[in-house]
Each structure stands twice: as C-alpha cells, then as structure tokens.
Amino acid sequence: MKMLNVFLLVLITMMTSLHAESVKLKAIADVWLSDANDSERNSSSGKNARIKLKTIQEMGAFRFDVSAVKGKEVKSAKLFLKLSGKNMLRFLRVSTISQSWVEGTSKAAYGPANGATFNHADAGSKKSWSYPGSQFADVIMGSGNTITTYDQFQKVGKGWISVKLTPELIYAMSNGSTDGLCVMDGGNLAYFNNFISSREQNGGQPYIQVELGGSLSKAPAKPVVTAKENYERSGIKTGAIAVSIKSTTDVFSWNITLDGKAVERWKIPFPFVTQRTGLEQNHLSGRAPAPEKVSFLLDGLAPGKSYKLDVVAVSKGGGLSPKTSVNVKSSIARVGTPKAAAIKEPAGGSKPFSLGSKLKVWAVPGLVKVDPVSSKSIHGDLAGLGDGNSVNAVWNGKAITLHGAKGEFVSFQIVVARNNTSAPVQGITIAPSALKNGGSSIGIGDFELFKNWYSTPSIKSKRWYPAFNVPMKSRGSFAIPDAKRGMNEQKNQTILVDVYIPKTGKPGVHKGSISVKQGSSIIKLPIEVNVYNFALPDKLNFYVEFNTYSVPRKNHLDYHRVAHQNRCVFNPWRYRPKASGTGKALTLDWGSYDKKVGPLLSGEAFKNNRRNSVPVPCLYLPFEDTWPINLDKNNYHYKGPWVSFKGYGIKGNKNKNPAYKKAKDDLNKHYMISNYIGKALQPAYQDGEAKAIKLFVEHFKSKGWNQTEMHQFYGGKKTHRIDYATNMWWMTDEPYHWDDWQALQFFNNLWTKTIRSIGADQNIWMARGDISRPNWQGKVLDGVIQLQYGGFGTATRNKRMHWLRDNTGVKIRDYGGLGNTSMSYTQASSNIIHLWLSGAGGFLPWQTVGRAGSLDNNSTTSLFVEGSRFGISVVADMRLKGFREGQQLIEYLVILEKTKKLSKDQIRIYVNNFFSVGMKHTGGNVDNADSKKSTTFKAWQISELRKQLAKLISK
C-alpha cells in the first residue's frame with residue numbers, strides 16, 4: 001500500500017510537470033518619470049541606463065514581451081530588478097497603466113521632453129494620460145481604473161531583487177487591459193534615491209518570471225449591458241451616457257467601442273472580481289458586498305446624438321465573448337443657463353457729509369479696507385478712490401442703500417475722517433434708528449457696530465491695515481486718533497455696521513437712518529434696505545470651518561458663538577473625555593466633556609444667536625493614534641529603537657544636532673523592519689478603540705445629540721514625531737509614504753467596521769481623511785472614509801475631486817489658508833464661491849487662532865485672538881466677514897441650483913458675467929496651505945451679483 005502511494009505521488013508530480021512551464025518576460029520599453037517638481041514633470045528619460053525609484057516622487061513605467069503567456073493560466077509571477085548602487089527599498093508597489101505611452105529617445109536623466117513624461121503620455125503629440133491636464137498619477141496605482149499590488153522585495157543575489165506580482169497583472173498585460181506596469185517605491189523619511197537598471201543596461205534588464213499552468217481557452221458569455229442618457233452629467237456643450245454591465249466571475253475586463261471608436265481604458269472599470277484582487281484592499285473588512293453590476297459614465301459626448309455602444313467581455317486568457325450592441329442616445333446639453341443683465345461700475349462724483357468743522361463722514365462697502373492715513377481704498381476693490389468723493393456700491397452720495405434676503409447680514413462701513421490731522425477729535429458716537437416698511441421693522445437691535453482695529457501685517461511693515469472688528473455699543477464713544485492704538489498719523493476711523501434682516505421681515509424697502517455725532521454737531525445718514533422675498537436657511541449648505549489645534553483655555557464657547565453668528569463653524573481639535581482602563585474594559589468619564597461640548601451639540605450655546613439654538617454642524621472626535629489607548633511598547637509590537645528625543649525648541653539648525661540626527665535615523669530604522677500596523681498593534685489596543693467608538697455612539701444617543709457631523713480625524717503627523725515626542729511612526733494627516741497610507745487605511749477601517757457593526761448613521765459618525773495628495777490615493781481608502789478634505793484649487797485637482805466623489809461616494813471639502821492679511825477681503829468670498837462651483841461642500845482654513853501679539857502684527861493664521869485688551873473674550877479679524885459674505889452668496893446659488901435645476905457649470909458661466917471666479921497655485925510645497933490664491937473681485941460686483949441672483953430666484 002505504501003509503495004502504491006509513492007507511485008501515485010510520483011505520477012501526479014510527473015503529470016503536473018507536463019503542464020507546468022516557466023517563462024521569462026523581457027522588458028521591451030521603459031521610462032523614468034518624476035513628480036518631484038515642475039521641471040522634472042516635463043522631463044523624459046526613456047533611454048537612460050537607470051531608473052530612480054523614490055517614494056511617490058519618482059517611478060518607472062515598463063512594457064514587457066508577453067507573447068509567451070497569452071492564453072495561459074498564471075500560477076505565480078515575480079518581477080526581477082537589478083539594483084544600481086545602494087538602496088533603502090522595502091515595499092514595492094506595482095500597478096497597471098490605463099493609457100498607452102511612448103518610451104521616447106532621451107538618454108539623459110531628466111532629459112528634454114521626448115516620449116512619455118509625467119505630464120504627457122507622449123510629449124511630442126501632447127497626448128494626455130487621461131483627461132486634459134491629467135498626469136501619470138491619474139492612470140496608475142488605483143486611479144484611472146487600474147489594478148494594483150504591493151509586497152516586500154526579496155534579495156536574490158548579485159544585486160538582483162524580486163517582488164511578487166498577482167496573476168491579474170500578467171493577465172492584464174497579455175489580454176491588452178494595460179500598457180505595461182508601473183513600479184514605485186513605498187518610501188521612507190530618508191527620501192533615498194534608489195536606482196535600478198533599465199533595459200538599456202546590459203546584464204541588468206528588468207524581467208518577469210512567470211510560472212504557467214494549462215491553457216485558458218474558454219471565452220466568456222455575452223455581456224449583459226444597459227445604457228441610457230444621463231442629463232445629470234451633461235455639460236454646457238456635451239452629453240453623457242450611463243452604462244451598466246453585469247459583473248460575472250468569468251470576465252476579466254471589457255473592450256468597449258462607441259460608434260466603432262475604442263473607449264479609452266482609463267474610462268472603463270474592471271469587473272469587481274478583478275478590482276478586488278490587489279493586496280492594497282486585503283486589509284479592509286466589513287465593506288458592503290460588491291454590487292451585481294459595474295456602472296460608469298461616458299461623458300463629454302456630442303449632445304443628443306444616437307450612438308452604437310459595443311461591449312465585448314474578455315477572459316483572463318484573452319478569450320473574447322460575442323459582442324453586445326446597444327443603441328443609445330446621449331443626453332442633451334445643459335439648457336437654460338441664466339443670462340445676466342449688463343452690469344456697470346458705479347460712476348459719478350460725491351461729497352462727504354460734514355460733521356461740524358472737525359469731521360467729514362461717508363460710507364463704503366463692508367469688505368473694503370480704507371487706509372487710516374490716506375483715507376483711500378487700499379486694494380482698488382471699490383468704485384472710485386474710496387475717499388468719499390465718488391459713489392460706490394452702498395453710497396450714492398445721499399444715502400446708504402443695501403439689499404438682501406431674510407436671515408441675511410448686509411453691511412457697510414462709516415468712514416469718519418478728521419479735517420485737521422494735528423488736532424485730535426474726541427467723543428464721536430454713532431447710533432442707528434429702526435428701519436421701517438409699514439408694519440415691518442428692522443430694529444435697532446438688528447444693528448451690530450464694530451470699531452475697526454488697525455494692525456500691520458508684519459513687525460517690519462510700516463503700513464496700517466483695518467484688521468479686527470471690535471464690538472462697540474450703539475452710542476459708544478471713540479476718538480481719532482485711537483489712544484489705545486497709538487497711531488498719531490491716523491486721519492480716519494472706520495466703523496463696520498452689520499444689519500441683520502429678520503426672518504419675519506416684510507419684502508420691500510425699509511427706510512431709516514444712522515446718526516453720527518460729535519459734541520453739538522450731528523448728521524443723519526439715510527439708510528434703505530431692500531428685503532427680498534426669500535430667506536437664507538439657518539442650517540448651512542456650505543461649511544466654512546475654522547480649524548485650530550487646541551481648544552481655547554478661556555471662554556471657548558465664545559469662539560464658537562462668533563463663528564456661528566457669522567454663518568461659519570469654529571472646530572478646535574479636540575475635546576476629550578477622560579479614558580480609563582484598556583481593551584474591552586475601557587471606560588470614559590463624560591463629566592467634563594458634556595459640560596464643554598453639550599451646549600454645542602444641543603444648540604444651547606447659541607440660544608441668543610441669530611441662528612437661534614441651531615447645533616454646531618460638525619465637530620472633531622478626540623480619537624488619535626495615542627487615544628483612547630496609549631501607543632507604547634506594551635501595545636505596539638516593534639523591536640527596534642524608540643525615539644525619545646524631544647527637539648522642539650532647539651535654537652539654530654536642529655538638523656546639525658547629533659541627538660536629532662540619531663532620532664531621525666532611528667525613525668528610518670523603524671520603516672525598514674516594522675510589521676504592518678494591523679499586526680503590530682496588539683488586540684487590547686484595537687479592542688479599546690472599538691469599545692470607545694461604541695461608548696461615544698451610545699452616549700450621544702442617550703443625550704439626543706444627532707444633528708452634528710462627528711469627524712473621526714486622525715491628526716498624527718510623523719513629521720512632528722521627533723519634535724513633539726509623540727508615539728507615532730507614521731503620518732495619518734496628509735499621508736505621503738506607503739506606510740502612512742496603510743496606517744490611515746487601518747485606523748479608518750477599524751472605525752468604519754465598528755460603526756457599521758452597531759448600525760450607527762455614517763452621515764453623522766464620519767471617518768475622515770485629510771489628503772493633500774489625492775493623486776496618490778488610488779483606492780486605498782475606498783469604502784473606509786465618508787469625508788475627505790484636500791487641497792482642491794486647480795483644474796486638475798478639481799477633476800480628481802469629482803472622480804473621488806463620483807466613484808467612491810465620499811463628501812469632498814477643501815482646506816487651505818486664511819489668506820494674507822494684506823490682501824483684499826473679497827478674496828475670502830471669491831475663494832469659497834470658486835470651491836462651491838467646483839463641487840466642494842466646505843472649506844477649512846487650517847489654523848485660525850492667533851496670539852495676543854497678532855493684534856499689533858497680524859498674521860495669516862490669526863482670525864480669532866483673545867480679546868482681553870478690549871474687555872471681551874475674543875475678537876475676530878475682518879476676514880470673517882469676507883467668509884460670511886461668500887457663504888451667504890453660496891446660499892443664494894444653492895437656492896438657484898435647486899429651484900432652477902441648474903448644474904454648477906451653468907452657474908459658473910452665469911457668475912463669470914460678474915467676475916472671473918478661479919484660483920491659482922502660487923508655488924511651494926503641496927503641504928503649504930497658503931500656496932493657493934483666489935481672484936479678487938470688487939465690492940460693486942458682489943452687490944450686482946446679489947441683486948440679479950435675487951431676481952432669478954424670485955421669478
């Protein structure tokens with residue numbers, strides 16, 4: 001019997017060997033591409049003897065001769081690369097490339113653009129990688145409907161290394177679903193230049209070793225296809241078609257033509273059975289099952305045209321199904337784009353009102369900055385000079401004229417200037433009267449007055465700017481010059497006047513006045529407010545979310561109240577209950593947390609606010625890498641060195657400090673030997689995290705807090721790891737290297753899996769990612785985040801934003817800087833209007849709380865400053881009013897979008913009749929939140945837009 005078993009084993013081995021075959025696939029083209037800077041993005045190195053692999057910065061594209069594997073089963077595959085010099089490689093990432101490319105003839109490193117560059121699939125013909133303005137990142141590593149894998153490389157002797165490939169990557173090459181493979185380094189903090197030999201290097205040419213099985217001759221079944229027009233994705237001049245194909249296990253990919261012309265590969269998803277083969281998704285759990293059909297859109301088509309759509313299913317071995325043909329008509333182009341009436345800049349002379357012999361008075365729009373010394377508009381964002389000798393958007397020389405919706409703030413500034421700059425003027429007061437329209441009234445209590453406080457944008461600057469709005473009571477007295485400010489040359493003082501239009505207001509013109517008095521002299525400036533017959537909602541449709549990295553120590557609710565009053569959101573990172581215990585025994589003490597946060601979540605904090613008792617719309621949760629369970633040697637399985645040096649506060653160049661250098665070296669050692677984060681974090685850590693999530697959901701349910709988005713944001717930055725001595729070895733905020741993406745994926749997957757398991761609402765309990773590089777995101781976070789913040793300013797980034805939103809279902813919001821304090825404050829409005837038109841649902845300035853010194857030398861991050869100098873808890877910068885103005889205009893646009901069923905492209909065309917809305921990148925690192933600049937428009941253009949939008953809405 002034993003001999004029989006041995007015989008059978010030998011027989012089986014012999015039979016298997018008859019079908020097993022090992023083949024070598026040689027590289028037949030390759031090119032070195034770089035995303036490191038603008039110059040290198042437009043360079044080419046198709047014939048260079050080496051290719052550099054450097055984290056997400058530099059990579060290679062490879063084409064192989066796959067003739068030997070066509071129609072064959074792939075048992076296993078390995079990519080072999082020869083190192084050229086020292087390296088710090090560990091993980092290698094490999095993906096398909098969903099666009100054909102040209103190798104080029106450039107022999108030099110970063111040579112002239114010839115063939116493929118990072119910006120073009122072929123520089124000579126200016127062939128795009130996908131959509132116009134796209135880059136190589138848009139057709140690799142999960143983007144552009146590509147499939148991926150990753151693994152640690154293995155040394156195989158004499159300078160050669162290998163990395164495992166999934167069979168699907170070989171099938172994709174053999175059946176024409178990709179033009180070669182992209183190879184990238186996982187990266188680490190050393191940003192090491194790893195070189196490998198290209199096919200031009202004799203004895204070092206890349207190749208793939210494939211172990212083959214039997215023949216794959218079976219063709220897939222005829223695909224089941226439906227197609228119909230899709231007006232939602234129609235453009236101004238284009239139509240769209242929605243396509244659905246049944247996803248079956250015998251299909252690897254599809255070949256699609258439209259009127260006989262091949263649809264480009266980057267537009268066509270793989271079936272789900274193929275999509276989910278990459279190791280990048282292996283760690284995810286608890287995701288919804290794959291739907292039965294793969295659905296996608298073909299847009300940018302001729303509108304209202306009849307097309308013939310042909311779909312052929314392709315098997316792993318390249319077998320082709322019978323063709324399915326569908327006749328379908330594309331949607332018509334977007335119709336009904338509103339036409340704007342001609343607009344004209346206010347023109348004509350005016351004359352300031354005289355207040356006795358000492359002063360003169362006039363009015364300017366609320367966002368205009370008037371120089372306190374020259375009395376002229378600083379930025380030219382006003383019709384005329386701003387000195388009172390010409391009319392403007394709110395001032396016709398006789399009266400102040402305003403217009404707005406119910407529930408809206410409208411504003412203007414009173415400029416009070418002294419005639420003799422050598423004679424101080426004391427005891428100036430301002431007092432409004434009620435504005436009447438029959439029985440309807442905008443009362444004195446609906447006026448809010450602010451004295452503008454002046455600062456310089458830097459210590460070295462000698463120019464004064466209106467900066468902070470200091471609340472003042474009606475009839476509150478002020479002087480020129482302001483003794484507190486100590487600007488002896490001050491000629492004028494500007495007073496911002498906010499007028500809130502009550503929800504109960506009656507449509508039509510409300511008339512009244514505002515008085516300016518000094519001594520026995522008094523003048524009354526007439527005011528007219530035209531109230532429109534619609535109201536702005538109390539719940540915001542676009543969030544301007546003011547981020548800061550610590551909760552103010554004193555009067556924290558007042559910061560929230562000031563933002564809330566101005567239709568914005570204050571969101572400090574982060575409020576936290578006290579955690580005790582570990583693992584499943586973890587407990588949370590809610591006492592202090594409820595006292596601080598409860599009024600925000602119930603709306604009680606805003607009971608005297610214009611948006612009375614509306615809860616804060618979003619708030620950070622307190623979770624991070626080190627909470628609720630501390631990240632220490634007991635919870636993190638890692639045998640390497642632990643960085644303990646705290647370098648924050650080092651004087652001089654910290655990189656020359658030996659202790660700091662050692663800490664960085666230790667950190668890099670971690671990258672080379674650590675386990676995958678999901679295996680390194682002990683069960684007690686993961687159990688404690690899951691227990692805290694459940695406790696939060698249960699506690700909120702018991703309190704009835706269910707109207708606020710709770711953001712699960714992991715704010716860990718390993719770039720701060722050494723400086724702040726925190727216990728993290730990765731970066732979950734703005735991930736960069738592969739370990740970072742895996743860490744963010746792990747934490748958000750743990751969150752999402754737990755939330756789904758307890759049936760909590762994912763529109764409330766939201767896993768969030770802050771991504772500055774969505775071009776390298778691919779499918780790493782698919783299904784595990786519901787909310788994404790990123791830097792979406794330029795056209796290319798906007799396209800990626802749409803792709804993420806449409807293909808993953810995440811909500812998209814933008815982050816950036818507040819803008820320089822010396823800019824026109826209309827830029828704050830312009831910025832967020834542009835973002836809304838681009839599809840974003842909010843904007844988050846990354847840091848908004850300044851120090852006391854900002855009141856003298858204002859900074860780009862000082863929107864809110866502690867206000868004890870003025871006897872109040874907090875004072876806000878004028879930029880807040882700029883954001884409010886933009887947010888209110890967005891509410892107009894939302895109403896227009898919904899009532900007239902318009903697309904954002906249609907609305908953008910309409911808005912561009914008033915001013916060009918856009919944004920440009922001003923250079924610098926992508927992590928620099930202030931590297932984007934929006935257009936500046938004029939106050940009268942804002943006024944004209946509001947008027948015409950109101951007419952459209954009211955029709």
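Helix axes are lines fitted to C-alpha atoms over the stretch in contact, and the angles between N-to-C directions run from 0 to 180 degrees. Helices (H or I, at least four residues) and strands (E, at least two) are DSSP runs, numbered from the N terminus. The structure is a predicted model, in which local features need pLDDT of at least 70 and side-chain atom pairs count only at pLDDT 80 or more, whereas totals for chains, interfaces and linings use all residues. Residues are numbered from 1 along each chain as its sequence is written, and side-chain values use heavy atoms, with hydrogens and water left out.

We can begin with the helix pairs. Helix α5 (556-565) packs with helix α6 (residues 591-602) at an angle of about 15 degrees, and their axes are 10 Å apart. This makes α5 roughly parallel to α6, a label that applies to angles under 35 degrees, while angles over 145 count as roughly antiparallel, 65 to 115 as roughly perpendicular and the rest as oblique. The crossing of α5 past α6 is right-handed, the near helix being turned clockwise from the far one by less than a right angle. On the α5 side, H556, L557 and H560 meet K596, P599 and L600 of α6, where contact means heavy atoms within 4.5 Å. The residues of this contact divide into 3 nonpolar, 2 polar and 1 charged. In this grouping, Ala, Val, Leu, Ile, Met, Phe, Trp, Tyr, Cys and Pro count as nonpolar, Asp, Glu, Lys and Arg as charged, and the others, Gly among them, as polar.

A second pair is formed by helix α9 (residues 683-703) and helix α10 (residues 738-757), which pack at an angle of about 50 degrees with axes 10 Å apart. These two helices are therefore oblique to each other. The crossing of α9 past α10 is right-handed. From α9, the residues Y685, Q686, E689, A690, I693, K694 and V697 meet F746, F747, L750, W751, T754 and I755 in α10. The contact of α9 with α10 comprises 9 nonpolar, 2 polar and 2 charged residues.

Turning to the strands, an open sheet is built from 4 strands in the order β15-β14-β17-β18, with antiparallel pairing. Strands β15 (261-262) and β18 (324-329) stand at the edges with a single partner strand each, so one side of each is left without a neighbour in the sheet. Two strands pair if DSSP finds at least two bridges between them. Strand β17 (residues 306-314) is joined to the antiparallel β18 by 6 bridges, and Y307 has V328 as its bridge partner in β18.

Another cis peptide bond joins W573 and R574, with omega about 5 degrees, and R574 lies in the loop between β33 (569-572) and β34 (578-580).

Positive phi values in residues other than glycine come next. For T55, phi is near 40 degrees, and this residue is found in the loop between β2 (50-53) and β3 (58-64). T55 counts as buried at 1% relative accessibility, where buried means under 20% relative accessible area, exposed over 50% and partly exposed in between (1.4 Å probe, protein chains only). For R567, phi is near 60 degrees. R567 is placed in the loop between α5 and β33 and is buried, with a relative accessible area of 2%.
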